[in-house]
Amino acid sequence: MPSYAGEFLSLALIHFLAVVAPGPDFAVTVRQSLVFGRRAGIYTAIGIGAGISVHVLYTLLGFGALIHTIPWLMHAAELLGSAYLLYLGWNFTTHTSPTPAIEQTATEPPPHNKQMALRSFSIGFFTNSTNPKATLFFLAIFTTIV
């Protein structure tokens with residue numbers, strides 16, 4: 001194990017710096033929490049955590065090597081992620097919620113149903129799994145160090 005300590009510490013430091021910089025995951029979680037309440041924010045965060053598994057999976061399967069041999073594949077992944085983030089940004093700036101969580105009283109719990117939970121989870125999952133920042137991190141840094 002001591003022979004891997006340097007690589008582990010390097011990866012941990014780089015990962016910490018990547019997580020500290022707020023990105024689309026942070027913005028989506030804050031928006032979901034403010035508009036739909038704490039529970040929606042939690043389901044969104046769980047979806048973001050599950051979205052990371054997509055990046056880990058293609059890293060472990062050697063997708064990084066494939067990307068290096070076929071550059072247009074990386075460009076396609078970047079375009080897909082950018083298009084989804086633009087779509088989210090457009091929806092977040094133009095969509096208004098009929099009853100924001102901030103306007104609810106303390107005695108009135110926010111509405112909860114399976115559809116809201118699934119939608120919040122899906123938004124978090126797709127935000128992270130198509131996030132170009134996470135894709136570049138896993139393909140460029142994580143793959144190189146691991």
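A crossing of two helices is right-handed if the near helix is turned clockwise from the far one by less than a right angle. Keep that in mind for this tour of a predicted model.

**Stop 1: colour by confidence**

Start by colouring the chain by pLDDT. The average is 79, and 84% of the residues score at least 70. Helix H6, residues 114-129, is where confidence is highest, with a mean of 92. At the other end of the scale is helix H7, residues 132-145, where the mean is 72. Now select residues 104-108: here the pLDDT is below 50, and the stretch has 4 contacts in the model beyond near neighbours in sequence.

**Stop 2: H2 against H3**

Next, select residues 24-36 for helix H2 and residues 38-60 for helix H3. Their axes come within 6 Å and cross at roughly 155°. Angles over 145 degrees count as roughly antiparallel, and H2 and H3 are therefore roughly antiparallel to each other.

Show the side chains of the contact now. On H2, pick Asp25, Val28, Thr29, Gln32, Ser33 and Phe36; on H3, pick Arg38, Ala40, Gly41, Thr44 and Ile48. Coloured by class, the residues of this contact split into 4 nonpolar, 5 polar and 2 charged.

**Stop 3: H2 against H6**

Keep H2 on screen and bring in H6. These two helices pack at about 165°, and their axes are 9 Å apart. With that angle, H2 and H6 are therefore roughly antiparallel to each other. The crossing of H2 past H6 is right-handed.

For the contact itself, select Pro24, Asp25, Val28 and Gln32 on H2, then Ser120, Ile123, Thr127 and Asn128 on H6. The classes here are 3 nonpolar, 4 polar and 1 charged. Asp25, Val28 and Gln32 of H2 are part of this contact and also of the contact with H3.

**Stop 4: zoom in on Thr44**

Is Thr44 buried or exposed? Its relative accessible area is 0%, so Thr44 is buried, given that the cut-off for buried is under 20%.

Which residues does Thr44 touch, leaving out those up to four places away in sequence? Select Val28, Thr29 and Gln32, then Ser120, Phe121 and Gly124, and you have the set. Val28, Thr29 and Gln32 are among the H2 residues in the contact with H3, while Ser120 is one of the H6 residues in the contact with H2.

Methods: Residues are numbered from 1 along each chain as its sequence is written. This is a predicted model: local features need pLDDT of at least 70, side-chain atom pairs count only at pLDDT 80 or more; totals for chains, interfaces and linings use all residues. Side-chain values use heavy atoms; hydrogens and water are left out. Axes are lines fitted to C-alpha atoms, for helices over the stretch in contact, and angles run from 0 to 180 degrees between N-to-C directions. Helices (H or I, at least four residues) and strands (E, at least two) are DSSP runs, numbered from the N terminus. Angles under 35 degrees count as roughly parallel, over 145 as roughly antiparallel, 65 to 115 as roughly perpendicular and the rest as oblique. Contact means heavy atoms within 4.5 Å. Ala, Val, Leu, Ile, Met, Phe, Trp, Tyr, Cys and Pro count as nonpolar, Asp, Glu, Lys and Arg as charged, and the others, Gly among them, as polar. Buried means under 20% relative accessible area, exposed over 50%, partly exposed in between (1.4 Å probe, protein chains only). pLDDT is the predictor's confidence in each residue, from 0 to 100.
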